[in-house]
Amino acid sequence: MRTIQASFLYFVFLAALLHLGCKENKKENQSENQMVKTESGKSHVGKSTFGEMPNGEQVDKYTLSNENGMEVDVITYGGIITRWTAPDKNGNYQDVVLGFNDLESYFGDVPYFGALVGRYGNRIAKGQFSLDGETYTLAKNNGPNHLHGGNKGFDKVVWNAEAENTDDGASLVLTYTSADGEEGYPGKLDVKVTYTLTGDDQLDIHYEAVTDKPTVVNLTQHSYFNLSGDFSQDILDHEVTLNAPAYLPVDAGLIPTGELRPVEGTPFDFTEPKAVGKEINADNEQIKRGGGYDHCWVLDETNGDFGLAASAYHPETGRLLEVYTDEPAIQFYTGNFLNGALVSKTGGTYGKRSGLCLETQHYPDSPNQEAFPSTRLNPGETYSSRTSFKFSTK
Ligand code: GLA
């Protein structure tokens, strides 16, 4: 009996070894293929000119593509993702992010379509905060408050770009140096954002920064997704999950009150998949303040571990987007301020709630709220934050 057991175990062990071996081989073949594709001209990173800044500076567009057919267009202005194709259940790749076809359209009053947002994503109350007894004054560009880095945040500057093919996929490294005092923030900040498109339809974003004086940093990506691929439709039928037991209620200016309120039994409960439209018009004070959802959810993983934070699913096309992050929170914004004023890439207009944002980040107004996880960055430290957007179908 023992012998039978032993040989059975030995067999299982052998099978597992063989399986592992195959997996490794497969991996190797895949990366070989990637290299072959690149060498044979089927480049994973294409480059073209997108436009010119008013001062004549050139803005480039990089197209990251993988072997499945996913393409992500990123421009050096604002690190903006202008186009991102994702498969539906029939394997059709279609553009699923709001944006424009030309650079000039991004110069107007644009609500951060696809942009890299910094130095501080989200709001800082009254455009002011103190560090080590020194008070810093920022632009009040959102009513009485500061929003998304100010009048000329990281979404409105031209980044340096370098493309490379890595073992993980096509990658674009964007760098920008924000001068000491830029937009009122202390410290010269060297920022590096790496976009990598992997072979499994996942865009990894790695944010890094170093400073020469104590400062605050909170970087995020502001893509508006419409998984239907049809920008004339709203996103109310998208089923969203937020891996968050609590959210941050806000005052009339959308500044967190400081409370972490449990979502249970409220329209803010997305712990199970729920259609965005189900309770978006609920008779709820917080919903009214946001004009829908425009709040920060506190993620389950608050210890810096990288994990699944959110998902959005479009039943008709079968498109599923999953968001992974090591950030402690996520701003879920349902495009409530979109009003049909901006012309879409396909000729129509971007109507109210025609896109949804899942902005991974630290809590808004953290520089003024001591109980919130700190957004302070000191000289000698490296800010490092990771978020991945993964597409699949179901
Ligand atoms: C963020 C904010 C919203 C709005 C958009 C841009 O996500 O939370 O209130 O300002 O950006 O329009």
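This briefing describes the ligand site, the strand pairing and some backbone features of one protein structure. The model is a predicted one. A hairpin formed by β8 and β9 and a cis peptide bond between Gly-118 and Arg-119 complete the picture.

**The ligand and its surroundings**

- The residues around the ligand include Pro-111, Tyr-112, Leu-147, His-148, His-222, Tyr-224, Tyr-333, Phe-337 and Glu-359. Arg-123, Asp-294 and Gln-331 also belong to this shell.
- Sorted by class, the shell consists of 6 nonpolar, 3 polar and 3 charged residues.

- For Asp-294, a polar side-chain atom is found 2.4 Å from an oxygen atom of the ligand.
- The side chain of Arg-123 has an N or O atom 2.6 Å from an oxygen atom of the ligand.
- In the case of Gln-331, the distance between a side-chain N or O atom and an oxygen atom of the ligand is 3.2 Å.
- On its own, the ligand has 300 Å² of accessible area, and the protein covers 95% of that area.

- Thr-194 stands opposite His-206 in β14.
- Strand β17 (residues 239-242) pairs with β20 in the antiparallel sense over 2 bridges. Here Glu-239 is opposite Ala-275 in β20.
- Strand β17 is also joined to β22 (residues 307-314) by 4 bridges, and these two strands run antiparallel. In this pairing, Thr-241 faces Ser-311 in β22.

- Strand β24 (residues 329-333) and β25 run antiparallel and are joined by 5 bridges. The bridge partner of Phe-332 is Leu-358 in β25.
- Strand β24 spans residues 329-333, and Gln-331 and Tyr-333 are among the residues around the ligand.

- Strand β8 (residues 128-131) and strand β9 (residues 134-137) pair in the antiparallel sense over 4 bridges.
- Phe-129 has Tyr-136 in β9 as its bridge partner.
- The two strands, β8 and β9, form a hairpin with 2 residues between them. In the turn, Asp-132 has a positive phi of about 50°.

**Backbone features in the loop between β6 and β7**

- Most peptide bonds are trans, and most residues other than glycine have a negative phi.
- The peptide bond between Gly-118 and Arg-119 is cis, with omega about 5°. Arg-119 is located in the loop between β6 (115-117) and β7 (123-124).
- Asn-122 lies in the loop between β6 and β7 as well. Its phi is near 80°, a positive value in a residue other than glycine.

Technical notes
Residues are numbered from 1 along each chain as its sequence is written. This is a predicted model: local features need pLDDT of at least 70, side-chain atom pairs count only at pLDDT 80 or more; totals for chains, interfaces and linings use all residues. Side-chain values use heavy atoms; hydrogens and water are left out. A residue is near a molecule or strand if one of its heavy atoms lies within 4 Å of it. A polar contact is a pair of N or O atoms within 3.5 Å; within protein, one must be able to donate a hydrogen and the other to accept it, and residues adjacent in sequence count only if both atoms are side-chain atoms. Accessible areas come from the Shrake-Rupley method with a 1.4 Å probe; for residues, only the protein chains shown count as cover. Ala, Val, Leu, Ile, Met, Phe, Trp, Tyr, Cys and Pro count as nonpolar, Asp, Glu, Lys and Arg as charged, and the others, Gly among them, as polar. Two strands pair if DSSP finds at least two bridges between them.
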